[in-house]
Amino acid sequence: MPQPPGGLLPRAFFEAPADQVAPRLLGKLLVHATASGLLAGRIVEVEAYLGPHNDPPDPAAHSYRGPTPRNSVLFGPAGRAYVYSIYGRYFCMNVCCEPEGQAGCVLLRALEPLALAGDSGLAQMALNRGLAQGEHGCKLTSGPSRLCQALALSRLVHNGLDLLDPDSPLQLRDDGYPVHEVLVTPRIGIKHAVDWLLRFALPGHDCVSGPAKMTKGLIGKRIFIR
DNA sequence: AGGCCGATCCTCT
DNA sequence: GAGGATCGGCCTA
């Protein structure tokens, strides 16, 4: 098995409000070590969901009404995966933020697929997505449930996994990819707090999901980080 | 490019 | 019992 590039991120990186962590997560790597090789992508689009301690609390967040069996991982330590099922057919993956007891998180909305294991990783992602071999483009991982499908992530196996543990099969890594400019817009697909600017993306990146007005910078603003 | 629709089932009220 | 942090197909333009 090839060694993934870069290093693990420190826990403190995630022990902060989700709207601070989210833009800093852009450009980082999500790597899933599976029996059939490394499935990986670079994060190009995320959304922040704020915990119920926030003032005002975030009515679109799963944690809005406090802990439940489904969202309990959100109230645990930072740097863990929160994976949930939606619409009976799909999964979405978040990264837990904030110190233990608080429940902010970052939804991963799109990755740029990466060939860490040579083309076999891309071929496996295409297989997982039910796409033809040779479909090695953004259709693999452009969308929160598409990326889970491509990387073979599911609630039963991956919810609660520590993304910062050297022995974890699912890791977040930093290979030094530089990100300075970030597109900030409202979040997609929610019915509450629709005007909160909590979606973050790499400006102009092909793999960013959503309608054109949300990807081209016609809505929202640009910020500079670091 | 944009809008509508159905699939499908888990979670919480 | 209702609704959901989605997706892909199909429609119109």
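Here is a tour of the cysteines, one stop at a time.

First, some housekeeping: this is a predicted model, where local features need pLDDT of at least 70 and side-chain atom pairs count only at pLDDT 80 or more, while totals for chains, interfaces and linings use all residues. Residues are numbered from 1 along each chain as its sequence is written, chains are lettered from A and ligands numbered from 1 in the order in which they are written, and side-chain values use heavy atoms, with hydrogens and water left out.

Start by selecting Cys138 and Cys207. Their sulfur atoms sit 2.0 Å apart, and this is the one disulfide (a pair of cysteine sulfur atoms within 2.5 Å) that the structure holds. Turn the view to look at the S-S bond: its torsion is about -65°, so the disulfide is left-handed.

Now show the cartoon. Cys138 is in the loop between α2 (119-129) and α3 (144-150), and Cys207 in the loop between β10 (199-201) and α5 (212-215), so the bond ties together parts 69 residues apart in sequence. Helices (H or I, at least four residues) and strands (E, at least two) are DSSP runs, numbered from the N terminus.

Is Cys207 buried or exposed? Cys207 is buried, at 2% relative accessible area, whereas Cys138 is partly exposed at 23%. Buried means under 20% relative accessible area, exposed over 50%, and partly exposed in between (1.4 Å probe, protein chains only).

Next, select Cys96. Cys96 is buried, at 0% relative accessibility.

Last stop: Cys105, which is in no disulfide. Cys105 is buried too, at 5% relative accessibility.
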